[in-house]
Amino acid sequence: TVVTYTSAMAACVKSNQWREALVAFQLMINNRVAPDAKAYDAAIHACRIGRHWTKALKLWKDMEKKNLIPSARSYMIAITACEQTNVSWKRACEIFEDMSRKGVASNVYAYNKIISLCARHGKWRPALYFFRDMASKGIEPDAFTYSTTIEVCDKCGKWQEALSVYEYMDANEVEPNIITYSKAIIASARANKWNHLENILKAMNDKGLVPDDFTYFSAIKA
């Protein structure tokens, strides 16, 4: 039965026997036992362990065609697969959006993953969109979220947007780390917001933090 195959696959995945898990999945299909969402999730997880990203994406697409709802873990693996196989960043964003449409619960880790992917491709608009989307859903951004969003906005010349992210963090009393402060300093310098920069330096000083040489150099160069 599907439960028997899925249980066997889950046990294989748990012990990192990804090849055996995929063999069990293929046997299931060969024996005309229709895989359910849990079976696909186990197979996709097996692909992640074995770093078979193309296979993981194929399985995810099969789930889509059969109107099966993947788990949050499978969504994250599919997004990673897009990145690892050089599939369009837009496709990764579509997969993430599908996760929300189907009511699959997300978290700060999931948002950080898609924001980071957008940032690596220099796409500030979707990065900022996902940043605002997580806040609207009551998912609290962490220091990594802020740093990544500020950095991509800054690198794309969107300094006002970068500073608005920092101001949002400040207004919500989220404790920045040295990286977040550094990104905000550089953005302030490039936007010619010197009063803003002085306030950030003062906040750092109050916490006993000192910008590194790269931050000072980047701010001066700006």
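A helix here is a DSSP run of at least four residues, numbered from the N terminus. With that in mind, select threonine 145, which sits in helix H9, residues 143–155. The model on screen is predicted.

**Stop 1: threonine 145 and its surroundings**

Threonine 145 has a relative accessibility of 0% and therefore counts as buried. Show its side chain together with that of aspartate 142: a polar contact of 2.7 Å joins the two. Next, display the residues around threonine 145. Leaving aside neighbours within four places in sequence, it is in contact with Val108, Asn112, Ile115, Phe131 and Met134.

Now select asparagine 112, which is found in helix H7. Is asparagine 112 buried or exposed? At 10% relative accessibility, asparagine 112 counts as buried. Its side chain makes a polar contact of 2.5 Å with the side chain of threonine 145. Not counting residues up to four places away in sequence, asparagine 112 touches Asp142, Phe144 and Thr145.

**Stop 2: aromatic pairs**

Switch to the rings of Phe, Tyr and Trp, which pair if their centres lie within 6.5 Å. The count by this rule is seven aromatic pairs. Start with tryptophan 60 and tyrosine 75: the ring centres are 5.6 Å apart and the planes stand at 70°, so this pair is edge-to-face. Tryptophan 60 belongs to helix H4 (residues 53–65) and tyrosine 75 to helix H5 (residues 72–84), so the pair ties together parts 15 residues apart in sequence. Tryptophan 60 and tyrosine 75 are both buried.

Then go to phenylalanine 96 and tyrosine 111. Their ring centres are 4.9 Å apart with planes at 70°, so this pair is edge-to-face. Because phenylalanine 96 lies in helix H6 (residues 89–101) and tyrosine 111 in helix H7 (residues 108–120), the pair ties together parts that are 15 residues apart in sequence. Phenylalanine 96 is buried, as is tyrosine 111.

**Stop 3: the nonpolar core**

How many residues does the largest nonpolar core have? It has 73 residues, and those with the most contacts inside it are Phe25, Ile79, Ile95, Phe96, Ile114 and Phe130. Colour helix H3 (residues 37–50), which gives the most to this core, with eight residues.

Then centre on isoleucine 79. Its contacts, leaving aside neighbours within four places in sequence, are Ala92, Ile95, Phe96, Lys113, Ile114 and Leu117.

**Stop 4: cysteines**

A disulfide is a covalent bond between the sulfur atoms of two cysteines. The cut-off used here is a sulfur pair within 2.5 Å, and the count by this rule is zero disulfides. Select cysteine 118, which is in no disulfide: the nearest cysteine sulfur, in cysteine 93, is 3.7 Å away. Cysteine 118 is buried, with a relative accessible area of 0%.

Move on to cysteine 156. Cysteine 156 has a relative accessibility of 29% and so counts as partly exposed.

**Last stop: confidence**

Finally, colour the chain by pLDDT. The protein chain averages 88, and 95% of the residues score at least 70. Where pLDDT is low, the predicted coordinates should not be read in detail.

Methods. Residues are numbered from 1 along each chain as its sequence is written. This is a predicted model: local features need pLDDT of at least 70, side-chain atom pairs count only at pLDDT 80 or more; totals for chains, interfaces and linings use all residues. Side-chain values use heavy atoms; hydrogens and water are left out. Rings of Phe, Tyr and Trp (its six-membered ring) pair if their centres lie within 6.5 Å; planes under 30 degrees apart count as stacked, over 60 as edge-to-face and the rest as tilted. Helices (H or I, at least four residues) and strands (E, at least two) are DSSP runs, numbered from the N terminus. Buried means under 20% relative accessible area, exposed over 50%, partly exposed in between (1.4 Å probe, protein chains only). A nonpolar core is a set of buried Ala, Val, Leu, Ile, Met, Phe, Trp, Tyr and Cys residues joined through side-chain atoms within 4.5 Å. Contact means heavy atoms within 4.5 Å. A polar contact is a pair of N or O atoms within 3.5 Å; within protein, one must be able to donate a hydrogen and the other to accept it, and residues adjacent in sequence count only if both atoms are side-chain atoms. pLDDT is the predictor's confidence in each residue, from 0 to 100.
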